[in-house]
Amino acid sequence: MFRRMVFATVALCAAAGLTGACAANPPSSGGSGKQFVVGYSQSNNAEPYRAQLNLQLQYFVRQHPDLRLLPITDAHQDSATQVSQVQNFVQQKVDALIVSPNEPAPLTAAVQQACAAHIPVVILDRSVNTDCYSAFIGGDNYAIGKLAGQAAVQALPKGGNAVELRGILSDQPQVDRDKGFRDAVAGHDITIIDQQEAKWLKADATTIMQQWLSKGDKIDLVYAQNDDMALGAQLAVAGAGRAGQIPIIGIDGLAIPTGGLRAVQNGQLLTTFVYPTCAEQAVDTVEKLVHHEPVDKKQTLQTTRVTKDNAAQLYQEYDMSGKVGG
């Protein structure tokens, strides 16, 4: 019976002229040939970091023929929308679920629903208020914030005035990046004279920075909790005719033409810190989970400070444009 089914399939492919299409998804050479369906709920596709994460996740899933990624959902920074999207994945009975939470509290119950349905859940970067998930993957945001603060101290050895562009205030990475920075600059005569939520977005950061500059206060340094906000601030500074006069610190270090690595190379940013997208680790973890293999519950990824001296080398190391097209 199996041989007759194989011959019938080949005949249908040939008759329809679809041999190439059939060959693109050949049956597995071992096991049952089952494909495990994976859902991914993204908090917001508008941030370059998250757009790159999406591309990389799709690439790494393609390296595993037994995984099939459903269309990535975009919550547009709306937690209610994301809750609905996660619940929809649960109702579809996906084999594994990846979630980049917009905010911790609103997503907690939805993640718990997935856990109750015995769906392995991998949380990326931002926390939820439950530990029922199978794995959490992200960087040490407090440590990164502290490194950013140390860079500020180096940039302002005699002290000065800093402003801080913050992500969504309820996000744990935002909380940790803020605390790490403040702990590092404490006792070094650096005063944070203004701070505001810019929701991780370039346009919001540009507007806020323009308002700060228009007040006429002395600003000696900008700390932005991601590169998109840092580059938004840089636009405002350049627009005010002060390009290169105010050092700007970011976080993300994406190896894309408009990312933080190039921005440090060309002098738009003083420094940034590579924050891995977690995509490769997420896919590797899902692959293990669907095959009931053990995984580390918490996976902390390392960061690297980006300077003009190492930016080109880091760009080459992290560049995936030839693979993901981004």
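At what angle do the axes of helix α4 (residues 79-91) and helix α5 (residues 104-116) cross? They cross at roughly 0°, and the two axes come within 9 Å. That makes α4 roughly parallel to α5, because angles under 35 degrees count as roughly parallel. The model is predicted. Its secondary structure comes to 13 helices and 13 strands, and buried residues make up 51% of the 326 residues in the protein. Of the contacts with a separation of 6 or more, 72% are between residues 24 or more positions apart.

**Helices α4 and α5**

- On the α4 side, the contact is made by Ser79, Gln82, Val83, Val86, Gln87 and Val90.
- On the α5 side, Pro106, Leu107, Ala110, Gln113 and Ala114 take part.
- By class, the residues of the contact of α4 with α5 divide into 7 nonpolar, 4 polar and no charged.

**Helices α3 and α11**

- Helix α3 (residues 48-62) packs with helix α11 (residues 279-290) at an angle of about 40°, and their axes are 8 Å apart.
- The two helices are therefore oblique to each other.
- The crossing of α3 and α11 is right-handed.
- From α3, the residues Leu53, Gln56, Leu57, Phe60 and Val61 meet Ala279, Glu280, Ala282 and Val283 in α11.
- This contact of α3 with α11 has 7 nonpolar, 1 polar and 1 charged residues.

**Helices α6 and α7**

- Helix α6 (residues 141-155) and helix α7 (residues 172-185) have their axes 6 Å apart and pack at an angle of about 35°.
- The crossing in which α6 passes α7 is right-handed.
- The α6 residues in this contact are Asn141, Tyr142, Gly145, Lys146, Ala148, Gly149, Gln150, Ala152 and Val153.
- These meet Pro173, Asp176, Arg177, Lys179, Gly180, Phe181, Asp183, Ala184 and Val185 in α7.
- The contact of α6 with α7 comprises 8 nonpolar, 5 polar and 5 charged residues.

- Strand β6 (residues 135-139) is mostly covered, with 5 of its 5 residues buried.
- Both faces of β6 are covered: one side carries Ala135, Ile137 and Gly139, the other Phe136 and Gly138, and all of these are buried.
- Strand β5 (residues 121-124) runs parallel to β6 and is joined to it by 3 bridges.
- Leucine 124 has isoleucine 137 in β6 as its bridge partner.
- Strand β12 (residues 298-301) also pairs with β6, through 4 bridges, and these two strands run parallel.
- Glycine 138 stands opposite threonine 300 in β12.

**Threonine 206**

- Threonine 206 lies in helix α8 (residues 202-215).
- Is threonine 206 buried or exposed? Threonine 206 is buried, because its relative accessible area is 13% and the cut-off for buried is under 20%.
- Apart from its neighbours within four places in sequence, threonine 206 is in contact with Gly232, Ala233, Leu235 and Ala236.

Note on methods: Residues numbered from 1 in each chain as written. Predicted model: local features only at pLDDT ≥ 70, side-chain atom pairs only at ≥ 80, totals over all residues. Heavy atoms only, no water. Buried < 20%, exposed > 50% of the residue type's maximum accessible area, 1.4 Å probe, protein only. Pairing = 2+ DSSP bridges. Axes fitted to C-alpha atoms, helices over the stretch in contact; angles between N-to-C directions. Parallel < 35°, antiparallel > 145°, perpendicular 65-115°, else oblique. Left-handed = near helix turned anticlockwise from the far one by under 90°. Contact = heavy atoms within 4.5 Å. Nonpolar A, V, L, I, M, F, W, Y, C, P; charged D, E, K, R; others polar.
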